[in-house]
Amino acid sequence: WVPQVLSNAEEIAELYRELSRHPGLSAACLGPDVTTQYGGKYCSLYTEWSQRDLARAENVKFCRQYLIFHDGASVVYSGPAGTCSEIKDELLSRESPSGALKAVLRKVPGKEKEKEKQFLEIWDQNRKVKSIDLTALDKHGSVYDNDQFGCLAWSHSETHLLYVAEKKRPKAESFFQSKAPELGTSDEDVGHPEKKDSPLKVRSPCSGAGRGRWGSHGADGAVPQGEQFVYQEDWGEALSTRSVPVLCALDIEGSSVSVLEGIPEHLSPGQAFWSPGDTGVVFVGWWHEPFRLGLQHCTNRRSALFYVDLTGGKCGKQRAPNLAGTPAPHSPSPSPHARAELLSEDTKAVWSPRLSPDHCRIVYLENDALGPHQQCSRLRMYDWYTKHTSTVLEAVPRQAWGAFPGIYCSALPGLCWAADSRRLVLDTAQRSQQDVFVVDTVTGATTSLTADAPQGSWSVLTIDRNLLVAKFSTPSCPPTLKVAVLPDAGQEAQARWVCLQDAPPVPGISWGIRTLRPPPEQEHPQYGGLDFDAILLRPSEGPAAQKHPLVVMPHGGPHTLFTAGWMLYPAALCRMGFAVLLVNYRGSLGFGQDSVASLLGNIGTQDVHDVQLCVERVLQEEPLDASRVALMGGSHGGFLACHLIGQFPDTYHACVVRNPVVNIASMVTATDIPDWCLTEMGLRYAHDALPDPAQWTEMLLRSPMRYVDRVRVPVLLLLGEDDRRVPPKQGLEYYRALKARGVPTRLLWYPRNNHALAGVEAEADGFMNMALWLLKHLRC
């Protein structure tokens, strides 16, 4: 009996439209506690969600508020307060420490031929009290709203705001620009003097510490000539408009902006916050010399934690600490004598610093510089007053059930500390699940807060006064909102989760996680005994014995993973009638650092064999149709898909790849991550590295292009025109090679889309074309 697969294009579009309406949960903020006249306590919970709007072809953001009544030990009652409302043109928003004020960075379309403007707004509980036109102030370029650099940080005194923006570029002129001298001016006056209030100095008083002008301004402030076309490096994929970030402080009362000086010229600052006592600013600084490498999804870029004192003393001198942790009596103001002081090792990669509620300790994540882009991270802690740095949690070599799996996350929650300023909460991958843990920063003890909760993917959104807010999803259940009170130390395992916003499971999807061990001949000689997982989604409706077609999806990275959470494409394919196999091959995160290290030098073999083993095992053990098996993958997942249809051409019958890596040798000189090409080959990367002929040859031999002559499977390629990570010429190279060999091939080219192909229109069109390609070539 051949099962019915949904094959009508209109019905598939309607299914996609229905499933794409499930919103994602992106942020949460708890308001101050309010005591009722009867002695009970409650607080408001503000949440932000995002949803695809196919009609408008954009992601829309909306907010919803809830009330949480609690007694300090448990949630007594919780429920929604009012209906949803769309959030328009907000780039960043942040509540003040007391909860009385809110800062919003907003973009406003320009009138007629004007450019888009950015405003920084201050709201109190009932009204907007400030609206500052940052574009008109002209102190800097656009404000950063991305996670890599961006921040919107209140001073503890709630008088100042800190943010990151692009450094202002002086206007350059042609050598041949005609100038009309003004009446009554001498030859020396013809240049264009700077505005008197310009915060950008030609030179910092601290030798080597200042950030000189962009370009070659003379001491007289003349506009530079011949510099209109000087190449400006940027931070790569998804950060192509981010080049030279600067730290900026807004004095709320005076509505004035200052660009902070004292940042060394070889660093790009970001992820900043006010230091204890508001005496200065703590930030992460990324080295960008001799040139910038792509930063998106790369937690291995050399960086360190720095402090800039703004109180005015001597160069590099830190003011005596304010032991009470109370705001400084004077408003912080940038000092021309400020200079960055190093707070962490300067040979590592650090990010995500978080200040404890008592303002005494800073925790942050740390990786080795270079090496795999993502890996098992260390949790480090800096004591503000003793200046001592300790390691709270080390990287974990092997994941073991019942033990802490290690830290695999792109960032700590913005608020992650418990009220005792000793414990913190984070989420991390535990094999193919994602769980929430509480960490004692003094002892290093860890306890799962989701061990007794349903299996799936848990993420921390925020914790405030020990009220914990998280989201939860599974492959068949869209994101739901959960709250819990963090129990006292030693009692954490008793945490009880309350569902605030439920989402009914999507019918017709069953799923499970299976574990596989490679055969002895495929064991790693140095890292033996490693296993890996796969998540299998199956249609659960119809006769039990029916044999469904199978879509195999290896993930990209390669050092990422699929967690057992909600994913639109797999859910939609499953609802159409396909079984979907998501493979976390050796090298995936969540299985220990040894698993990550085992793949270096073995891409194209170990990962390919793991996926193939998984496919063969599932076809043996599950009622699936071995004559209708397809591959789908993006980036390194596309690399694996192209390898598999070349190395095992008889297993697969259709293939869909998004921005695939097909030729490492031609990619290394064009990508924003040339280090990836060498590191994953098992070679050491250095900025001045030039592969020798043997290494070029090895890069080609490890690429899918080596097997292109054996490909017979119809291939659909989806390419993003603006992809900096895997430039679209990779896909074009493969397309031409397949066309020349008579292989059925189709290419979709998406303008204004980068590596993720995450534009709403591209994502929807991509799914429809994928679905129809599979139906056609799997004979469904």
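Q: Which residue in β28 is the bridge partner of valine 483?
A: Valine 498 is the partner. This is a predicted model, where local features need pLDDT of at least 70, side-chain atom pairs count only at pLDDT 80 or more, and totals for chains, interfaces and linings use all residues. Residues are numbered from 1 along each chain as its sequence is written, and side-chain values use heavy atoms, leaving out hydrogens and water.

Q: What makes β27 and β28 a pair of strands?
A: Two strands pair if DSSP finds at least two bridges between them. Strand β27 and strand β28 (residues 498–501) have three bridges, so they pair, in the antiparallel sense. Strands here are DSSP runs of E with at least two residues; helices are runs of H or I with at least four; both are numbered from the N terminus.

Q: Why is strand β27 called mostly covered?
A: Buried means under 20% relative accessible area, exposed means over 50%, and partly exposed lies in between (1.4 Å probe, protein chains only). In β27 (residues 477–485), nine of its nine residues are buried, so the strand counts as mostly covered.

Q: What makes helix α3 mostly covered?
A: Eight of the nine residues in α3 (residues 568–576) are buried. Among them are Leu568, Tyr569 and Met576. Just after α3, glycine 577 takes a positive phi of about 125°.

Q: Why is phenylalanine 149 called buried?
A: Its relative accessibility is 0%. The cut-off is under 20%, so phenylalanine 149 counts as buried.

Q: Why does tryptophan 286 count as buried?
A: Its value is 4%. That is also under 20%, so tryptophan 286 is buried.

Q: How do you know that an aromatic pair is present, and how many are found in the whole structure?
A: Rings of Phe, Tyr and Trp (its six-membered ring) pair if their centres lie within 6.5 Å. Planes under 30 degrees apart count as stacked, over 60 as edge-to-face, and the rest as tilted. The search finds 15 aromatic pairs. In one of them, phenylalanine 149 and tryptophan 286 lie 5.1 Å centre to centre, with 70° between the planes. The centres are within 6.5 Å and the angle is over 60, so this pair is edge-to-face. The pair links distant parts of the chain: phenylalanine 149 is in the loop between α2 (134–137) and β10 (152–154), and tryptophan 286 is in strand β15, 137 residues apart.

Q: What makes the pair of phenylalanine 404 and phenylalanine 437 edge-to-face?
A: The angle between the planes is 90°, and the centres are 5.0 Å apart.

Q: Which residues do ring pairs link into a cluster?
A: Tyr144, Phe149, Trp235 and Trp286.

Q: How do you know that the charged end of arginine 242 sits over the ring of tyrosine 144?
A: A charge sits over a ring if NZ of Lys or CZ of Arg is within 6 Å of the ring centre and within 35 degrees of the ring normal. The charged end of arginine 242 is 4.5 Å from the centre of the tyrosine 144 ring, and sits over that ring. Arginine 302 sits likewise over the ring of tryptophan 287, 3.9 Å from its centre.
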